[in-house]
Amino acid sequence: MAGNEVHNKIDPIQFEVVRSALTQVTEEMAAALRRSAYSTNVKTRQDFSCAFFDRNCKPISQAFTQPVHLGSFVELIPTSVEAYGAENLQPGDMLVVNNPFGGGSHLNDVTVFGPVHHQNELIGYVASLAHHVDVGGGAPASIGPFQEIFQEGVIITPVKLVKQGEMNEDIFKLLLAQIRSKRVTAGDFRAQIAANTVGSRRLSEIVRKYGLNEFDRYVTAVIDYTDRRTRAEISDIPDGIYKSESFLDFDGFTENTVTLKTKITVDGETVYFDFDGCDPQRRAPVNSTKAMTFSACAYALRALMAPDLPVNDGFYRHVRMNAKPGTVVHALHPAPVVGGWETQVRVNDMLFRAFAPGMPQKIASSTKAMMAQAGFGIIDQVTGEYHCNYEALAGGYGARETSDGPDAVQQHGQNTENAPVEEVESHFPMRVSQLSLIEDSEGPGKFRGGLGMRRDYHFPDDAATFTVLSDRDLEGPKGIFGGMGGRKAYYILNPDDPERTKTELSSKCVIELKPGDTVSFQTPGGGGYGPPLERDPERVLLDVTLGKINFKRARECYGVIIDNLTNDVDRTATKKLREQIIKSRSSK
Amino acid sequence: MTIDPIKFEVIRNALTQAAEEMAITLRRSAYSTNVKTRQDFSCAFFDKNLRSVSQAFTQPVHLGSFVRHVPVAVKRYGAENLGPGDMILSNDPYGGGVHLNDISLIGPVHWQGQLVGYTACLAHHVDVGGGAPASVGAFREVFQEGIIIPPIKFVDHGKLDDDLFRLVLSQIRSKRETAGDFRAQIASNRTGAIRINEIIDKYGLNDFDRYIDEIIEYTDRRTKVEVNKLPKGVFSAKGFVDNDGFTEEVVKLEISVTIDDNGVKFDTTGSDPQRRAPVNSTFAQTFSACAYALRALMDKDLPVNDGFYRYVHVNAPEGTVTNCVHPAPVVGGWETHVRLNDLIFEALAPALPDAVCAGTKSMQCHSGFGGHNHETGEYYCFLETLAGGYGARSRSDGPDAVQSHGQNTENAPVEETESNYPVRITRYELVPDSEGPGEFRGGLGLRRDYMFPEEATFTILADRDKAGPRGLFGGERGSKSVYALIKNNVEQHLSSKTTLQLKPGDVISYRTSGGGGYGQAFNRDPEAILNDVLQGKISTNRARKHYGVEINLSSQQVDMTITEDLRRGR
Amino acid sequence: MKELNTKRFRIGVDIGGTFTDGTLVDSSTGQVITSKVLTTPADPASGFISAVNKLLGVNNDVEPGEIEHVVHATTVATNAIIEGKTAKTAFVTTQGFRDMLEIARQIRPSLYDLQFEKPAPLVPRQLCFEIPERLDAKGNVVTPLDEKALAKIVDQIAETGVEAIAICLLHSYRNPDHEQKVGKAIKAIIPDVKLSLSSEIVPEFREYLRASTTVINSAVTPIVSTYLASILEKLHSANINSELLVMQSNGGVYPARSASESPVFMVESGPAAGAVAAASLGSALGYPNVISFDMGGTTAKASLIRNGQPNITKDYSVGGAAQSGDGAFGGASGYPIRTPVVDLVEIGAGGGSIAWVDSGGALRVGPQSAGADPGPVCYGLGGKEPTITDANLILGRLDPSYFADGEISLDTEAAKKAIHKHCAEPLGLSIEAAAHGIIEIANTAMVNALRLVSVQRGHDPRDFILMGFGGAGPAHVVRLAEQAGIPQVLIPAEPGTTSALGLLVTDVRMESSATLIVRADQVELSRITDEFERLEHSGRLAHSSAASASGEPIFERAIEMRYWGQSFELSVPVPDRKTINDDWMSDLIESFHESHDSAYGFRADDEPVELVNLRLTTIGKIARPQLRKLDIINPDIKVAIKGERPVYFATESSQGGVISTTVYNRQKLPPRSTFNGPAIVEEPDCTTVIQPSWSVTVDDFGNLLVENNQ
């Protein structure tokens, strides 16, 4: 028909307007969620994401504060809609879901989503995902070395949390009954509902403005646009096969490290991630769900592309992977999954190391590459209320071709803020007795890795349950191109209290604390890039001056001698020392 | 208006019959061995004011606990929010409940649109999720024990709420079995409602209400008579649970029983503070221990209802192992509960020497396991509780290998168990010489060995690994329990509260405690010993050492001369 | 071919607690003669033969040669168990399970009784032996049978000098091989010991129930076989060489030879007879659905008959507390039996049941009974406590001067005194009201019994006709019908000996079963076909050995089914096996869903269904004697009227009171005559009470059809 030509033309201006409007929708959702949330983990650490899907459950736009959530959404929404039956969803309904084996990640990441209608016609779905600080199960904050999913908290297959705008009270009551921090979590759930409500309101406005056909046409256009750019970006990656191996230091129960392997095939416009050779899943906190592994691939790929590439179905359709069911990169029921993020970030690190030879300029040396999760719970002695806190700590970043790795930052899929000491101490009867960089923890190199971080939790008056769910307690992040590894992580009970015996903890444990106990969480430094002896002595001097490394380390690791009177580099001595070191090395 | 004693008896029987029919429906249509075969469930009818009226109990523990839970659950949900065909589900330990496995389903009964009462049934579900298959184990908080269900409308106008059903089931390992048991509970309540309606059709609502009042008053009168028969005074005893699953520190229990005209007051003051360990009894559990003890001292055919409970007064200080507060773990509470029963009888022994029995097994003695069933591809879970020796009485020996006190669950037939679950029972027998010696001896404990051809997770939640049940009046203790892991014939003893991963071929072996004896062992009739020895229940050595009886095996007779010497030696 | 016309006569003998009843039927005319003699507990056989002689004495034109067969109902097996007089028996089982009988079900028979006892095992522990062997749940060999060890154990058993041996090895219901080998080994060394294999007696899973059944079988085998031998001997000495058949618990009969081998099938021999009589009479008169109510001196028994067949159950235990027939709530106090038993509910309510007031001020009746000695107060034999009979007397239902054909005259005053003292005064009621209360309360218990067999099994009692018989049945049954809402009641001719008649109106029945335990969606249909074939083959053999069974055997097939995961099966009848195909299967599953729905109020169509056992009943038809019509004379009711007397009645509508009531002589009631209640009908050994607003029709055979006019 005649109209077709007209309709088939995409007006570039309107295209840009619709595209940004769509992003705007999710941004507003995020804002609403953050402002109305209760828990520090959501309102401050921003451990949540929001997205919009079309009526076929294809991701259109998203405001993800957390890249890890990138992939997890993509499978969860279609799977859940299918499971519940699109026909069973009326306007104003919202489902709640966290099923790890139905496209979800770990149980804490609970998604609330619902259909958006325009004049009773389905436009699509708005979804918000939040990491709830506690979802019940084996330990406060629902993290710990568990052996089965059933120990990790409430498992939510899609059920109706909101019925035609009304909260489904019985479902809500039943969910909250499983949860320790009831008041806070209830607040976060309401915030998620608010976010979706805002989102669907804004969307129907857009549709009202452009009409459904136009809307659909431009949505398709947006996807095609991303698709074109993604294909272009991929073809920029040198064709070839990229391989790498890595491992997790500790599975929480046995001393056997967890082997990870990858083989990435880049061929023209296609990239294929193969995880053949990864260990079978374990009854231990090291299992990543398919969605988690997918998001690692998506993140890695995205990180190699132009920053302004809008991410939607046009991008995801190019993320192809093979993760064998029943392995630590694609766990099956009833495997525990809370530790999956440790695996997921390590996979990320591994993918970058694989790509390194192909694009040395684009990737970083090894980072912390673990979530470094700390959780604790305290029962208020007065009110009897159960308080839970969850956070993930930063570590040293890997050095890059032309720059040092930043100190104490989050990495890869993880970009959560730190919980302000004042906020935490005002919420919980505890004290952060130390928060500092760890000297000499960097991985030496031409460009050094970032410093790790130390955060000590002290519980003056209360017994508490504390969980460490982390890794890197065997060795620190590796260096690259001659760079050296960073300091490994330490988890220590009562590090420097003469009254109490100092005990080194494993990277995955739940402990019962007595009043007065302290747990010291010390994250690793990042790996170095290039030989340390090639490091510009001035940079070494600066580190020494800033007290990030000491004289001894400057001399031993970097062959740099600093005159402690002039506080300047002794260039001749340095030159000599560096030559000596090289000679002695080659003679060996 | 006067009560017609005939109509009274007729209505009373009809109400009891209604509860019995609920129980039969539940049992016959249930799926899990624990419900259908071990009969770990109960059914009851409550009047519109939530007073318990009639009940069909297979498990005395539910006496007291179940009937306390139902009114609380209904009030929490709001009776006004319940219409015809609705049913609410609940297991909240801190809303009058017990451990999470015991889930109650409660439905209002309407007659011509008016609320006339409630039918309720409770079933012990094999698995409710949480830390270990079968939801038993050494946990520190209730959140680790499985799904916590506050009162929610599970059945709406006769229709099961799919979302709630799905959400509940997703927390549960053995989904198919549990789904079946839930359906059976719904059927049971429906049966009850139909019966109640028939009764009202016949007698009219006014008489129905009036006679319910009278039925309760009737029990009240009879209970008063029974209470008056009891010796007045204060009686007390101290005891302990052997360990708490995390520390070896015993859990102290204290009970004092005060009997006067107003009834019987049980006080547990002095018992230990609650622990982050599986030894905490909820108030309902403690109450039911006391209610059971009192009921056991009364006329066998006394119908239990509100009129009885009002004579049971319990003071259990909050925050103790006899009345724990949120979020204490509760799954181990039954171990404490049943130990209280032993203590109560021990306290009353001097006053009622002929009514009570010596120390019994008095532990729940859970055996729970689960794992992947390769045949069905399902996650299977299995739970049972094992019998032990019963305490001796003033005129008779304690029976061998039998459940004690509040607990009366059947054993799971070996053939049924092996047909449905990947496990093999390799031994099931009495433990000779485990009895507590006495003029009347305690019962023998039993041994049950489980061999696992495939990997499995196994939980022992029991007790009595430090000391066996006490004897009375000079009777001696029964043997203590042993829990062992046997790997290629090497035996390693386990704690009485532990969860462990089993490799194919591993064997878990239970040897439960024997019952305590009653009276001096040297006064036991030598012929009785002879019979014990011939039956292989007591060895000749033990006969000689503990009873001063010499048995001549070849002649199969008591050697009286040696026996008299031995006994004179005392 | 069997020459029926030359063998016209059949004899039935029912030995009860007090009386031994005999019945002789002329199958050509249907004429029935009955006899009653006192039971002789010391040597029941002599009571048996005197009952027979009495019959032959009455009808002396019976030639012993003309007797086709003698059918016998006896409680000899049950009594042996209850009185602990079973034979010295050994128990052989799988290694590790010697204590199966000791541990039993690990439960206590009563919940709140600290003084309870477990039933003592029928086999003492020293006679329980273990064999090294093991099968798994599929019947595969896990540990092979250790022949050497077996030989040793057989020697040990031989030394004990046991008369009988029960063998129950784990999972033998799936694979009997080991049990059979053990059996052979024992026979080789101890040839004449009585041997029972669980895989032959009840090849069904759940070891304790199977073992208990097997042990009971062997423990009573010596007693029963000796007993039956002596009966045969006595018959022979009376020149009666015809076949001796024995009534089974399931209501069928089987040859004495089979009975001596598997007596566990006849433990409920006596009570079954009543149900069979009701079933047969019911079908003959066109009432296929009957609830039979048989009330004697100490107990009342109710059972349900559908389509002319008594309801059969397998949840049953003997020697225990009175129970509803459901293993769930009784059972723990007795010895469970898994062989088919007529589904009876027996309650302690008979003429002798004692009335009392408990401490809460409630009027109670039973379970204590004055029995025959001292008997009811009104007998004047020393009874002090009021009984149901005393109450009936006071209410005018019994004629003091015409009781037991006038053999005993009743003391109404004494009865009144007793009721006044024990019931009326404490409750502040009039003597009549109290007496009436006693009856009403006893009735409530009986109505519950009716419910248990009907409602509780998913049947509406109103769809059935209630048949009342036994010495005391007719005095209560009409009021029971009123209370249970049953519109029709039938009182057979000669209700006092109805049970004995039952012996002569049943067939040779042999039950056999095979375990499947397979999901309907996984079973190979050929397997069902094969199993049924196997069962039918053994059925034919058994059939050919029963002389009285005429013609081809008839097979009734059923499959016991449940939802995959349940443990209680519902028995679903299936059509002829030759038609087994997919449609057949879907029909089968559908009818299972239906019966589950009617039993428990729901069906779960998405749930997998499991086939547990195949059951085959082999029936050798025995021709029924046709009923004998009475001569139709002018139906003038007046001839039967004996007079009038005041009788106390209560109805559903009224509180009750004394009504002047017509009394009829049953023997004089003309066929096809009708009359209205209230009425009393008297005959030598029994009195029938007709409630007001019910009417009676006498049918051509002398049965009373009583119907509610409202």
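Here are a few friendly questions and answers about this predicted model.

User: Is A:Val328 buried or exposed?
Analyst: Happy to look! A:Val328 lies in the loop between strand E11 (319-322) and helix H10 (340-355) of chain A. Beyond its neighbours within four places in sequence, A:Val328 is in contact with residues including A:Val258, A:Cys278, A:Pro280 and A:Thr343. Its relative accessible area is 0%, and buried means under 20%, so A:Val328 is buried.

User: How many residues apart are the salt-bridge partners B:Asp400 and B:Lys537?
Analyst: Their closest N and O atoms are 2.7 Å apart. B:Asp400 is in the loop between strand E13 (378-385) and helix H9 (414-420) of chain B, while B:Lys537 is in the loop between helix H10 (526-534) and helix H11 (540-547). B:Asp400 is buried at 7% relative accessible area, and B:Lys537 is buried at 5%.

User: What does B:Arg427 count as, given its relative accessibility?
Analyst: B:Arg427 meets B:Glu429 in a salt bridge of 2.4 Å, N to O. B:Glu429 is buried, with a relative accessible area of 11%. For B:Arg427 the value is 32%, which lies between the 20% and 50% cut-offs, so B:Arg427 counts as partly exposed.

Key
Residues numbered from 1 in each chain as written. Chains lettered and ligands numbered in written order. Predicted model: local features only at pLDDT ≥ 70, side-chain atom pairs only at ≥ 80, totals over all residues. Heavy atoms only, no water. Helix = DSSP H or I, 4+ residues; strand = E, 2+ residues; numbered from the N terminus. Buried < 20%, exposed > 50% of the residue type's maximum accessible area, 1.4 Å probe, protein only. Contact = heavy atoms within 4.5 Å. Salt bridge = Lys/Arg side-chain N within 4 Å of Asp/Glu carboxyl O.
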